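User: I am new to this structure and would like to learn how to read its main features. Could you take me through them step by step?

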Amino acid sequence: MGFNKEYFALFLFAFIICSCDENKHVKSYRLPKTSFNISKNEVPKDIQKSINGISWDLPQNWVPSDGHSMRLASFDVPFSRGIGDLSIVSLGSESGGLTANVNRWRKQIDLGPISESEIKTESIVGQSKSGSFRLFRLINDSSKEKAILAAVLPMEGKTLYIKLTASQQGISELENTFTKFCSSIGVAQK
């Protein structure tokens with residue numbers, strides 16, 4: 001059976017005609033994130049327990065996700081009306097310092113910068129398996145769609161930055177689980 005140029009031309013013409021609309025606009029669609037029906041037992045064990053010598057207790061409904069290349073790990077964190085984005089970044093020592101990092105997060109939700117003393121006053125000190133961490137609840141009352149829970153955990157020669165971005169409602173629902181997750185972080189047993 002040979003190549004038929006007439007059928008190909010007819011197919012190409014039909015494809016072009018069907019692909020265009022009267023408005024000549026590009027159409028795009030947004031699909032909601034999904035867990036792809038991944039259960040806790042299907043999540044890879046190394047993701048559940050540890051990465052690069054750091055371990056944690058992963059909440060059952062958190063799903064590993066693709067994140068930015070700087071991230072040590074990323075998770076989709078479901079709540080009643082959506083999915084939050086959790087990132088774990090490991091940087092050397094203080095990596096710009098506490099003030100610069102907290103003010104960068106504040107800027108992400110359209111809040112102005114604050115001083116180091118205000119940052120320390122507004123944070124809560126928590127305890128993980130690796131030591132103390134600072135927990136931040138960043139809310140911009142004029143924007144209900146985006147809020148941040150973040151923790152800064154100094155470890156041997158590095159600092160972990162754990163950030164959960166969700167709506168204000170999501171942050172309220174997930175705050176206890178987030179704090180418990182941060183408290184579970186420690187050095188992986190070899």
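This is a predicted model: local features need pLDDT of at least 70, side-chain atom pairs count only at pLDDT 80 or more; totals for chains, interfaces and linings use all residues.

User: How many helices and strands does the protein have?

Analyst: There are five helices and ten strands. Buried residues account for 37% of the 190 residues. The protein exposes about 12,600 Å², with carbon and sulfur atoms supplying 54% of that area.

User: In what order do the strands of the open sheet lie?

Analyst: As a general idea, strands of a sheet pair through backbone hydrogen bonds, either parallel or antiparallel. Here seven strands make an open sheet, ordered β3-β4-β5-β9-β8-β7-β6, and the pairing is antiparallel. At the edges are β3 (63-64) and β6, each of which pairs on one side only.

User: How many bridges join β6 to β7, and how many link β8 and β9?

Analyst: Five bridges join β6 (residues 124-128) to β7. These two strands form a hairpin with two residues between them, and Ser128 stands opposite Gly131 in β7. For β8 and β9, the antiparallel pairing extends over nine bridges. In that pair, Ile148 is opposite Thr165 of β9.

User: Where does α3 lie, and what do its buried residues pack against?

Analyst: α3 lies across β7, β8 and β9, and runs at about 30 degrees to β7. Its buried residues include Leu98, Val102 and Trp105. The buried residues of α3 pack against α4 (116-122), β7 (131-139), β8 (147-155) and β9 (158-166).

User: Which residues of the largest nonpolar core touch the most other members?

Analyst: In soluble globular proteins, nonpolar side chains tend to be buried together. In this structure the largest nonpolar core has 29 residues, of which Trp56, Leu86, Ile88 and Ile162 touch the most other members. At least two residues of this core come from each of β4 (73-79), β5 (82-92), β7, β8, β9 and α5 (168-184). A second, separate core has 13 residues, among them Val89, Val102, Ile148 and Val152. Val102 also belongs to the buried residues of α3, and Ile148 is the residue opposite Thr165.

Note on methods
Residues are numbered from 1 along each chain as its sequence is written. Side-chain values use heavy atoms; hydrogens and water are left out. Buried means under 20% relative accessible area, exposed over 50%, partly exposed in between (1.4 Å probe, protein chains only). Helices (H or I, at least four residues) and strands (E, at least two) are DSSP runs, numbered from the N terminus. Contact means heavy atoms within 4.5 Å. A nonpolar core is a set of buried Ala, Val, Leu, Ile, Met, Phe, Trp, Tyr and Cys residues joined through side-chain atoms within 4.5 Å. Two strands pair if DSSP finds at least two bridges between them. Accessible areas come from the Shrake-Rupley method with a 1.4 Å probe; for residues, only the protein chains shown count as cover. Axes are lines fitted to C-alpha atoms, for helices over the stretch in contact, and angles run from 0 to 180 degrees between N-to-C directions.
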